[in-house]
Amino acid sequence: MELAVHTVELTKKYGSFTAVDRLNLSIRKGEVFGLLGPNGAGKTTTILMLLGLTEPTSGKAEVLGHDPVKEPIAVKRMVGYLPENVDFYEDLTASENLFYMAGLNGISSKERDKKVPQVLDMVGLLGSKDSLVGTFSKGMRQRLGIAAVLLKDPKLVILDEPTNGIDPEGIEKILSLIRSLAKELDVTFLLCSHMLYQVQRVCDRVGIMYRSSLVASGTVEEVGRAILGERKRIIKFKPEDNTMPKLEDIKDLEGLSEVKVLGDHFVAHFDEGKLPLVMRGLLDRGFVPFEVSGKDYSLEEIYLRYFQGV
């Protein structure tokens with residue numbers, strides 16, 4: 001498993017205040033990773049250390065195989081960063097802004113002629129290339145910001161609150177864009193956001209920061225199981241021979257709870273992690289499962305439950 005970002009005991013202190021405390025974070029190449037947490041949790045300081053813009057007090061970080069402290073220029077060449085509020089020249093067109101930014105990144109004039117329309121097309125703004133940026137909506141500005149980041153062919157893109165203040169249609173375009181770029185260009189995305197539903201929709205894995213520490217990390221299911229415990233599921237099943245169900249027939253079946261007879265079938269609860277055990281037990285006893293249902297883990301529920309419990 002190749003890693004785009006790897007930190008070991010990464011710590012940043014300002015005097016007696018610890019902004020980031022012994023952070024151990026791994027982000028895989030090609031994935032979309034969501035970093036969550038309330039204001040002051042340490043997300044921004046973490047980003048600054050990954051970009052080589054502030055030195056850690058202790059610990060170490062590796063970004064795309066480079067140390068941000070010792071090789072900050074190499075990191076900046078390979079990493080694109082889009083802050084929450086993107087500034088453009090409003091009296092210039094989308095193309096003119098990108099041509100200017102490409103020049104600042106040392107991209108040749110010939111290469112700019114090729115790259116600018118290419119990245120505008122990627123973010124769905126080629127048709128607006130000659131429009132003044134001053135006429136753009138917040139969502140269009142964010143997409144233009146992503147286009148600017150893509151000019152230097154980054155391997156890692158860090159987005160800070162990319163959907164904040166954008167209308168629902170614009171949000172949908174941003175989220176779809178992130179997923180498609182991660183897949184098509186094999187770009188790793190680190191997404192910092194407090195929009196929990198949106199993060200759950202677009203991210204492969206998430207990390208939750210609280211009071212300077214990473215308190216949970218993994219898929220939503222893994223984090224949910226760690227914080228909320230096993231999720232209860234509901235299973236419906238009936239006798240294979242279509243006889244009327246009787247509770248005594250399954251009273252000692254392992255893994256089931258709250259078993260009830262409902263007409264011609266049984267309804268029972270079970271812990272999600274015990275599904276293979278339950279299915280095997282039912283089939284061995286001559287029962288036919290025909291429906292499994294239940295609520296999936298919600299990132300919002302995980303987040304609220306954790307912060308209510310600390």
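A search of the whole structure turns up zero disulfides. Before going further, please keep in mind that this is a predicted model. As a reminder, a disulfide is a covalent bond between the sulfur atoms of two cysteines.

The cut-off for a disulfide is 2.5 Å between the sulfur atoms. Cys 192 has a relative accessible area of 1%, so it is buried. Cys 203 comes out at 10%, which also counts as buried.

Next, the salt bridges. The count for this model is 10 salt bridges, and I will show three of them.

Take Glu 31 and Arg 205. Their side chains meet in a salt bridge, with 2.8 Å from N to O. Glu 31 sits in the loop between strand S3 and strand S4, while Arg 205 belongs to strand S9, so this pair ties together parts that are 174 residues apart in sequence. Are these two residues buried or exposed? Glu 31 is buried, and Arg 205 is buried as well.

Now Glu 90 and Arg 141. Here too the side chains form a salt bridge, at 2.8 Å from N to O. Glu 90 is in the loop between strand S6 and helix H3, and Arg 141 is in helix H5, so the pair ties together parts 51 residues apart in sequence. Glu 90 has 44% relative accessibility and counts as partly exposed. Arg 141, at 15%, counts as buried.

The last one on my list joins Glu 172 and Arg 201, whose closest N and O atoms are 3.0 Å apart. This bridge runs between two helices: Glu 172 lies in helix H6 and Arg 201 in helix H7, so it ties together parts that are 29 residues apart in sequence. Glu 172 is partly exposed, with a relative accessible area of 36%. Arg 201 is also partly exposed, at 40%.

The largest pocket has a volume of about 450 Å³. It is lined by 20 residues, and the closest to its centre are Tyr 81, Met 101, Asn 105, Val 149 and Lys 152. Which element supplies the largest share of this lining? That is S6, with four residues. S6, H3 and H5 each supply at least two residues. By class, the lining has 14 nonpolar, three polar and three charged residues.

The second largest pocket has a volume of about 240 Å³. Its lining is made up of 16 residues, and nearest its centre lie Gly 37, Asn 39, Lys 43, Thr 44 and Glu 161. Helix H1, residues 43-50, gives the most to this lining, namely four residues. The classes here are five nonpolar, seven polar and four charged.

Finally, the overall layout. The chain is divided into domain 1, residues 3-226, and domain 2, residues 232-293. How many Å separate the centres of domain 1 and domain 2? Taken over C-alpha atoms, the separation is 47 Å.

That is the end of my part.

Conventions. Residues numbered from 1 in each chain as written. Predicted model: local features only at pLDDT ≥ 70, side-chain atom pairs only at ≥ 80, totals over all residues. Heavy atoms only, no water. Domains from an automatic or database assignment. Salt bridge = Lys/Arg side-chain N within 4 Å of Asp/Glu carboxyl O. Buried < 20%, exposed > 50% of the residue type's maximum accessible area, 1.4 Å probe, protein only. 1 Å grid on protein atoms, 1.4 Å probe; cavity = no way out; pocket = protein on both sides within 12 Å on 5 of 7 lines; lining within 4 Å. Points joined across faces, edges and corners; volume = space filled by probe spheres on them. Nonpolar A, V, L, I, M, F, W, Y, C, P; charged D, E, K, R; others polar.
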